[in-house]
Structure formats: C-alpha cells, structure tokens
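Keep the structure open while you read.

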Amino acid sequence: MGWIPDRYQELRRLLRPESAEEEIDEEMAQHFELLVERLLRSGMSPLEARAEASRRFGDLDAYRSETRAIARKARIRTARRERLQTWLGDLWITVRSLGRRPGFSVAVLATLVLSLAGTAVTFTLIDTVLLRPLPYSAPDELVVVRHPVPGLEEGQEWNLSAAGYFFFQQNARSLQGLGIWSGTHVSVAGDEGAERAIAALVSGSLLRVLEARPALGRLLDDSDNRPGAPLTVVLDHGFWRQRYGSDPDIVGRVVTVNSAEREVVGVLEPGFGHPILDAQLWMPLELDPTARPVNSHIFQSIGRLAPGTDRQTAERELAGFTTQLPELFPEAYSEGFMDQYRFGLAVHRLQDDVVGSLELLLWILVAAALLVLVVATSNVAGLFLVRAEARRHEMAIRSSLGASVGRLTWHGASEAVLLVTGSAVVALALASAVLRVLDAAELESLEWITSPSVSPGAALAVVVTAALVAAGLGSLTRALPVSPVQSLREGGTAGTTPRRRSVRELMIVGQITVALVLVTGAGLLLRSAINLGRVDSGLDTDGSWMASVALPPVRYGGYEEAGRFFQQLSERMEALPGIRSVGATNAPPLSGQDGCALIFVEGRPLASDERPPCVATPMVAPGYFDALGIPVRGRAPGWSEIDAGEVVVSRAFADRFWPGEDPIGRGVKGNGDEPPFYRVVGVAADVRADGLDRPPEEAVYFPLMPIEGAPLWSPLRSATLTISTEGTSQENLAAMLRREISALDPEVPVSDLRSVAAVVSRSTARRSFAATLVGTAAALAVLLAALGIYGLLAYLVGNRRAEIGVRMALGADPADVLRMIVLRSLLLTVFGLVAGLVGSVLLSRSLESMLFEVSPLDPATMALATALILAIVLLASVAPARRAAAVNPVQALRTE
Amino acid sequence: MELIRGTLDLLILNALASRAMHGYEIARWLEDTTDSALSIEEGSLYPALHRMARRGWIAADWGISDANRRAKYYSLTDAGSDQLGLASSRWLRFVEAVAKVLKAAPAPNTP
C-alpha cells in the first residue's frame, strides 16, 4: 500500500533537489514531536514537555542548516559522478560504434595519423633549425662581417684581414665587440698515438663576444694573442670529458698539439660550442697589432651589435671604414686597389650563416606537409559528411523516440573527438620514431636538421591542429538538421542536399589541385636528381679513396720537409700490393672548399677596368690525377720535377683562356706583378669539384714546391690523401695507412678514410633527401585525392540508385549511366587540374635553386603530372561507375 | 558528562550495528545504553548522520515506523562496519593507554 507515495517521494526528490532539504526538515521535526510525545507520556504538561524537548534537542535551526549544507554537498557530488558515468557510457558506445565500422575508422585514423605525423616532423625540424635561437645570450645581436667583392657569389665573400679587424674593433661604435677565428685540424699527442682534432684559432675577443664562461680555469684573452706569449689552449667541455676523463686537475697541465707544448688554461662550460666549427680545442691566434698590414683576408669574424643598433647602421659605419683601408694601409693595398676590386662590406646575421641553404629545403618540407594536411583533413571531413548524412535517418528516429538533441550531437561529435585524439597520439609517437631514425642515420650534410625528439612547439602545433580538426568535424555533425519530421518524410535514402554535395565536390577539386602541385614539385625534384645522377663527376669512383692527415707545423715548417713526407709516403704505399697510386692535395674535390685565388695569364694583359680571374688553385702531389682517375693530356709533374715550376690546368681553364690554342708551354702565376710564371705541362680532364650541379671547375693545379718568388700556398700540412686501389678492402687500406704513416712519423694522425663514391653521393644527399620527402608527400596526396574521389562517387551512386533505376527503366543504356558518372568526376578533375597548374606555375619558382637542368615550368613534368593524376582519378571512378551501370532497375525501385 | 569530540560517530555506528534505526530511535538507544550518562543534544545526530551517509558508512531509506509513520531509517553499510571496527579498536587502545597512565601515578590532591 505504501509504495506509491514512496515512489512518488523518490521521484520528487530526483526531480526537485530542494525536496531533499524538505526531507531533512521533516525528519527533524518528527524527531522533535516524538520526543515531546514521550515527555508528555511521562506526565509533563504540554508547555513543560516542549521546553524540555527543546533543551534536549538543542538548537533546531542551527542543526537544520548544518545538515542541509552537508546534504547539498552530497547531492552535488552525486550529480557529478552520474554525469561522468553517462559520459563514459556514451564514449563506450562511440568506441563500439566505431569498432563496428572498421573501414571508416581505419581510413580516418590512417589519413590523420600520416598527415599529423608529417606536420610534427617538419615542424620539429623548423623549430630546431630555424626558430630556435643560437645558444648564446642575445643571439640576435650576433653578426658576421665580410667583404663582398663584385663578381663573386655570396658564399665567396672575402673575410677580414688582421689589420682590418684591429681597425674595426677599435673604431666601430656600432659594435660592442668583434672577434675573429679560423678553423684547422691539429694532432694531439697522447699515450695511444696522435689523435686528430678540430681546433678553433681565435682572438680572445671572440670568446667575449660569444659570452663564453669557463667551467675550470680561465678563458683566452687578448694577451694570449700577442706574439711571443706562452702557448695556451682551452678545452671544449665534451673533449675534456672524453679525452681527459674530466680530470679536475687539467688546468696547468701541458698537452702537445701539433708537436708544440701548450698549457691548458681552462675548460669551457658544458653546452658551449663554436657556432660553425665543431671545435674541441680553442687556441689563441697570433695577432700583432703593430705588424705590417698585409692584404690577406683569411679571418672569419663574429661581432656583437651595440645595444639598440641594427645591422644596417653597423653596415653603413663599417663600409665607411672599408673605403679608408687603402689609405690607412698603403703597404697592404696598392694604389688603385679599390678601383680594381671595389670590395665592400656586409654584415650578416650569424643565424643565417649557420643555417645557410637549409632554410629553403625546410620551408619546402613544411609546405609539402601542410598541403598533405589540407588534403587529409578535407578527406576526413568528406568521410564524416557521408556518415552524418547516412545516419540522419537513424538520428531522426532516435530523436523522435526522445533522445535529447544535445546528447545526439555529443554522440556525433564524440566520434570526431575520439578519432582525432587517437590520431594525434599515434601521430606524435610515429613522428618521434621517424625523428629518432633520421637522427640515428646521421645523414651526411643533414646533421644540422635532425632532432632526436618531437619539439614542444611541434607537439603543440599538432595538438592545436587536431583540436581544430575535431572542432570542425564536430560542428559538421551538428550542422546537419535532425528534424525528425523532415528526415523521415524524405524516406531516409535521399539524404543528400545539393548544397552539401557541392561542398564535397569543392573539396575534391581542392584535393586534386593540391595533389597536382605536389606531384609537379616532386617531379621537378626527381628529374633534377636523375639529371644529377647522370652527370659525370670526372672522378673515377672505382676503388678510389680519400683520407685526411695533419702534419705538425713544428717539424714540417718548410716545403722541403712536408714534400719529403708525402713523397716517402707515396713511395712506401705504392710498393704495397693492391695499391695503385697515392697522391695528396689541400683542396679535394666535392669537399665544399670552393674558394678561389687570383690568377694572371701570361700574354694576356688586363684592361684598366678588368680584374684578374679568380679560379681554384689546389696544390697537388704527384699521383693525384692517377689516384682519382683524371686523365691528363701532356703530363703531370712527377717527384723529380716537383720544384721545376710546372703546373697542370683544367680543360675548362684552358678553354676559357686559350680557346682553340695549345695551352702547353703557356705561363700562369698567382700573386702580383713579379715573375716568374709557372709553365703549363698538362691539361687535366674536367672535374665538377664544386658540386655535380656546378660547371666543371676552372683550376690551376700547383705543385707542392713553389719556385722562387711569392708562393701561393703555405706548405701542404693539412692534407687529403687520394689513393686508388685494386682489390683492397677498406679495413686493409686503413691498416696499411696507419702502419706506413706511423713508420714515417708516429705523431701524424690519419683519419676519415672515405671512398670517393661516398664523397660523390654525399654531395647530392640534400637533393635526394628533398626529392624523397616531397615525393612521399606527393604520393600521399595523390592517394588521398583518389580515395576522396572514389568515396564521393561511390556515395553518389549509392544515393542515386533509385534515380538511375528510373532512367534505366525508361530506356537509358548502361553505357550512358557509366558515362554520366565518369563525366561527373572528369569535370571535377579538370577544374582541379587547371587550378593545380596555376598553383604549380606560381609555386615551383620557389624551387628554382633546388633544381638542376630542368626549368621550374618544365612542360614535360607538368604534362606527366597531369596525366598521372587524370589516370588515377579515372581508375578511382571506374568501380563506382560500373556499379551504377549494373543497377537492376526493378530491384532499385523496389528497395526504394 | 560531556562527550569527547569525534566520539559521536562511533556511538552512532555502534547503535546501527544491531539494526537499522531512525534518528529518534538512535537517541533513545544511546540514552538507554548509557543510562543517560552522556549528555548529547539530540539535534547533533543529524549533521553526523548525513555526514556519514555522504562518506558511504551508512545508508538512508524511507520506511514505516512502529507507529505506522513514515520515517527515515539509517543502516550500516559494509564500509560503515569496517569503519566501526577501526574506530572502536582505536578508541579502546586510547582508553587503555590513558587508564594505564592514571593507574601508575594517582592524581594529586585525591584523598
């Protein structure tokens, strides 16, 4: 009998929260009344009983409000828990419903994972390389000062001279500091033989400009640079840890560098490094402010702008000083020097110098990743639209059965949120795996752009993108009207409104546009890579090797000593089985050392406004041409003619200066006006020593020994050996080299044995990398576009079954139906292709510097890319079109 | 005798250990069991009851009282009986320790 009011009460409590408080009142009032009754029964008068009950019960109002507050808190907590349970329940429903349609879920996941991972990887690289400031304080103030010379490219600007450095440092008010440096290989003596290390020779001011701090001892200062100062060295923190086991007593110890004893005065703090050089040792340059100034621009510089000064101001001030140099230092710069060279002054950002040409490559990668992301998200949006449309009927039914609109919308949106969240998580994991692999691969010439993990910035970019995508997809679901009456009246199948269809068609057009842009770009890069692969470097890569050696200047101070070392080494090596010839040079091909020196040609006076040509002037030991397989017409000087003033010139050089004439016997010289000339005795076949994408090098190959007069080079000490072998493995060769060199001089380190083939392929690594990555992005975009168009057509055919059925019942041919569907996709494709061609024309210009022997507007590439996409689109349309043509009119109309 | 703070919960749990009761019954049970030795304001039962209900130690259900009236009955949950065991053993240990101290050193000024 009691349950109806009970249930009613309970319902009321659920529906009206305040009733819980009323219950408390009721409960306490009842207690009070029972107490009064009891007291009455014990014989008290009503008045006495009430007073006694009040005393025993305590302050009714206070207890009531205390209890109410407790109940209110409890209710809020319960409500929260219930909401969470509903939410989790809905989430579980979503997971199950996604699991029931694995095709849809996998398509969305795969698309999003790949594109988001691409975004994460490229953004990490950008973040690591371009956006992260150099690890110095106020890195924006750091600049590099160089002298541009008209006619030379930016990479070939002259560096500073010692005299210029002192003058700038003392007088420039736009700089708060200026330092100079040069890099060199040195040999560090140790218990287990000599070790080759990289040393930065610096002015003390350089360390102040970079604001370096010592971990131990002190750093270098200007007094260390003075001639005759005690020889000192500062160790890089990593080198100190590795080579000296973090010896805490290292300061004051003496180490032997290039056979000279140097006192270790300090160790740099951890994490500090040279911006360009991977320096292990920092040693003072010998700089004498009072020395006779010479026209020798050999020092690289790093300066720090004065606070509040910009680069332009500094450039104006220093350029003004530069024009005064010839007047200030007449001994160094002859009369008319400035008229002849007109060298100026440029102040570059240090960051730009460090990042260099990587910037373009990285932006190309980012563009590719973003384009793929656009295609991917529009594809996913298309998939969601189809699903939402298909489910309108179901939604309408659920809505008319009483499900709230909010809950239905949430259900639709939760699919998007769930899939996008999942994709973002997997994408980040995938991206960090890719980055680890790239980092571990230690790609040559790309080491700058690797990072072992996804950077926080990139992760944030992925999360934000994912959130935007999820929000977009969610609102897409919400935008569909769930009016039960309308949807049910439509009969469920004809759920496509023309407006929404045109949105999807627009997406397809966009996808094809993007795919064509990417395919064209990839095609251009691929063709460049193929063209480059066909270029003959001019080197024989079969069994040829290079290795680096460094002779300590103390014992190899003169041309005689250095020359004797290389002669003995090649004689000993060539006597060994499996070794054909051994040479040496200071500037091996494809090493990135593409400097030049001025050359004067005999019998070819310069016009008054003409400058002497600047060409490569490597110094080569006999055996060099044989070892690299470079044929020489005439002859190359041997050891017996090494000091006879004989040179070999490259064919490109001969063709420029003696076109159609015999170069043999002609004279060339370096430096200045005084004779003598060197005599040309041979013409070497062309070598693309500056890079396979550069024209063959114009070179004069000088011998190891100069003739009387001004020598062009100092003695060959930091050298690259060139070796050609026959059936000798790398291990054997390495062992032979080590044995023979230490037999000659145990203090000479040998390192970096590499095959010439590897050197050649390394020189094109960056291009192949770009082609591979953009190619991958293009393939992905094409695949996604094909999926997109397939999805759209399949969906349209499915929805128009009834209409097709009617047409066929009225006598339409299956071929007509097929044509109708294919034409529809062709129309979209043509729009996309036209837009894509316009995009390619606009965008591929930015690729220009990455291309080789192919125009950015190459018609063949564009035609091929267009044809490829057209073919793939047709292929993707065939299956849905044939399904449409196979519609059985009777059945189609019956199901309707 | 005034109630030591925090012991009310223990007493209520103990009361409910025998059977489900409504607030008035708990008050009577406490009175009978202690021979009215403890002075508890009966109104203070309600904040305590609701607090323990929120913690899940006791459950509240509407039922029909002996007087055939609607009343809210409180009963001990599993968590409540665990709490009862815990709190009573802690209480006994405390009493024991205090008793030992008092026995060892008789308070001054006692005749």
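A crossing is left-handed if the near helix is turned anticlockwise from the far one by less than a right angle, and right-handed if it is turned clockwise. With that in hand, α6(A) passes α10(A) in a right-handed crossing. Bear in mind that this is a predicted model, where local features need pLDDT of at least 70 and side-chain atom pairs count only at pLDDT 80 or more, while totals for chains, interfaces and linings use all residues. Residues are numbered from 1 along each chain as its sequence is written, chains are lettered from A and ligands numbered from 1 in the order in which they are written, and side-chain values use heavy atoms, leaving out hydrogens and water.

**Helix α6(A) against α10(A)**

- Helix α6 (residues 162-171) of chain A and helix α10 (residues 311-328) of chain A have axes that come within 11 Å and cross at roughly 130 degrees. Helices here are DSSP runs (H or I, at least four residues), numbered from the N terminus; axes are lines fitted to C-alpha atoms over the stretch in contact, with angles from 0 to 180 degrees between N-to-C directions.
- α6(A) and α10(A) are therefore oblique to each other; angles under 35 degrees count as roughly parallel, over 145 as roughly antiparallel, 65 to 115 as roughly perpendicular and the rest as oblique.
- On the α6(A) side, A:Gly164, A:Phe167, A:Phe168 and A:Asn171 are in contact (heavy atoms within 4.5 Å) with residues of α10(A), including A:Glu317, A:Phe321 and A:Leu328.
- By class, the contact of α6(A) with α10(A) has 6 nonpolar, 4 polar and 1 charged residues. Nonpolar covers Ala, Val, Leu, Ile, Met, Phe, Trp, Tyr, Cys and Pro, charged covers Asp, Glu, Lys and Arg, and the others, Gly among them, are polar.

**Helix α1(B) against α4(B)**

- In chain B, the axes of helix α1 (residues 7-18) and helix α4 (residues 78-104) come within 10 Å and cross at roughly 125 degrees. That makes α1(B) oblique to α4(B).
- This crossing of α1(B) and α4(B) is left-handed.
- Among the residues that meet here are B:Leu10 and B:Leu13 from α1(B), and B:Leu84 and B:Trp91 from α4(B). The contact of α1(B) with α4(B) splits into 6 nonpolar, 5 polar and no charged residues.

**Where chain B meets chain A**

- 23 residues of chain B are in contact with 24 residues of chain A.
- About 2,400 Å² is buried between the two chains, and carbon and sulfur atoms give 51% of that. Buried area is the accessible area (1.4 Å probe) that two parts lose on being put together, summed over both.
- Which three residues supply 29% of the area that chain B buries against chain A? They are B:Tyr24, B:Arg54 and B:Arg70.

**Salt bridges**

- A salt bridge is a side-chain nitrogen of Lys or Arg within 4 Å of a carboxyl oxygen of Asp or Glu.
- B:Glu31 and A:Arg38 meet in a salt bridge, at 3.0 Å from N to O.
- Inside chain A, A:Glu21 forms a salt bridge with A:Arg72, with the closest N and O atoms 3.6 Å apart. This pair links distant parts of the chain, 51 residues apart.

Technical notes: Helix = DSSP H or I, 4+ residues; strand = E, 2+ residues; numbered from the N terminus.
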